[in-house]
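This report describes the aromatic rings of one protein model and the charged groups placed over them. A pair of aromatic rings is described by the distance of the centres and the angle of the planes.

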Amino acid sequence: MTTELARIAEMAKARPKVCFTSLAHLITPEFLMETWKVMNRRGAPGVDGETTLEFAANLQARCEGLVKKLKDRSYRPPPVRRVEIPKGDGKTRPLGIPTVEDRLLQRAVARLMEAIYEADFLNCSYGFRPERGAHDALRTLRNQCMAGMVTTVFETDIRGFFNHLNHQWLMKMLRLRIGDGVILRLIGKWLKAGVLVNGVVVRSEEGSPQGGPISPLLANIYLHYALDLWFAGVVATKCKGRAYLVRYADDFVAGFQRESEAVQFRGTVTDRLAKFNLELAENKTRLLRFGRLPFLKSEDTGSFDFLGFQHVCGRDRQGRFAVIRLPARKSCNKFLGNVKARLMLIRYTRGYDQQRVLSQMLNGFFRYFGLPAAKERLSLVRLYVTQAWRKAIRSQGQRSKYAWYILKRKPWFKLPSPRVYHPNV
């Protein structure tokens, strides 16, 4: 199957306008079992309550049964189970959890489609793609601001992107490259499967539930046609100065050499996305002067947030201009909120157990935000976690027993220190 996927990828790259009409026959029990090995098997159960361990207990028979249902067209995807995930600002993000069987089939279809669309996606797209990640996007954005003559940055946020993704537009986009009726019907069924909310199935004519393996790919396809191609083929070519776009899933930033062209883009991008049923959040949309030239001219450059980092104009240790990336205050507050919530659950456990949990959380935070200039702010986060830990311990009613000087002598009252994990980002 790896050979088949490579052949599809080669054809997609060599023939960018070809429509693939025969893909479903590649979904065999063997392909599903191969997909199972690369799938995330730590996910929560769907509406049927079945876990990945229960599904794996009879994997081959389940895969054979799933293929049989596909062939006789009796497969009906169940609704997804909704879970509300805190966003850190008092709001929540709805997450849709499909059943294990549905996740496996979605991942298999996504593998087939990725072989095609990886040849189409532009270099400005970084989210949920093989061998690309958030730190690659951050590196590109930094290089553009430092060496690409960027003077103005357009910052925005697409309001409820996954909730407003238009089904009709998406299916039109898919038909440009996918002509297999089985695959198209499957995607249509997933889009219309609905969400189980308080025991009631809610269906919508728009949106794609976050949480399924196919959702990130569909989002990339949608914005590839709605934004990426338009920016590269229309916006950038009409600009007299340089223009750049960096997109990670539905989060994007545009940089311009000329401020007037950035102002023009602000008006046109709103109309462009409105055509595809998307809306920019006005309170999060702004233009700011940013980059080498404005900074050296002592202009008010300000800062912007992207992928959890606050981007600031500054100088490196040699006194040269540099784009400084710090953990955004919103990211830090969200993390500290999660730490305090976790401490409430584990405050009566052994000290070593508390240390293990907090160390895992801090190490995960440090691994993502461990950029060269971020060490000072990460150390501050570590201090706040230590203080919250002490407060949780003292809330047990043994205040005199756990004063600072006593806790510092405890072998378990130690947390990892921040370090630079991404020196070249």
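The count comes to 24 aromatic pairs, where rings of Phe, Tyr and Trp (its six-membered ring) pair if their centres lie within 6.5 Å. Planes under 30 degrees apart count as stacked, over 60 as edge-to-face and the rest as tilted. The model is predicted: local features need pLDDT of at least 70 and side-chain atom pairs pLDDT 80 or more, while totals for chains, interfaces and linings use all residues. Residues are numbered from 1 along each chain as its sequence is written, and side-chain values use heavy atoms, without hydrogens and water.

Two of the pairs are set out below.

| Pair | Centre distance | Plane angle | Class |
|---|---|---|---|
| Trp169 and Phe276 | 4.6 Å | 55° | tilted |
| Phe256 and Phe265 | 5.2 Å | 45° | tilted |

Trp169 belongs to helix 8 (residues 167–175), and Phe276 to the loop between helix 11 (259–275) and strand 8 (286–289), so their pair ties together parts that are 107 residues apart in sequence. Helices (H or I, at least four residues) and strands (E, at least two) are DSSP runs, numbered from the N terminus.

Trp169 has a relative accessible area of 28% and is partly exposed, whereas Phe276, at 4%, is buried. Buried means under 20% relative accessible area, exposed over 50%, and partly exposed in between (1.4 Å probe, protein chains only).

The charged end of Lys172 sits over the ring of Trp169, 5.0 Å from its centre. Such a placement requires NZ of Lys or CZ of Arg within 6 Å of the ring centre and within 35 degrees of the ring normal.
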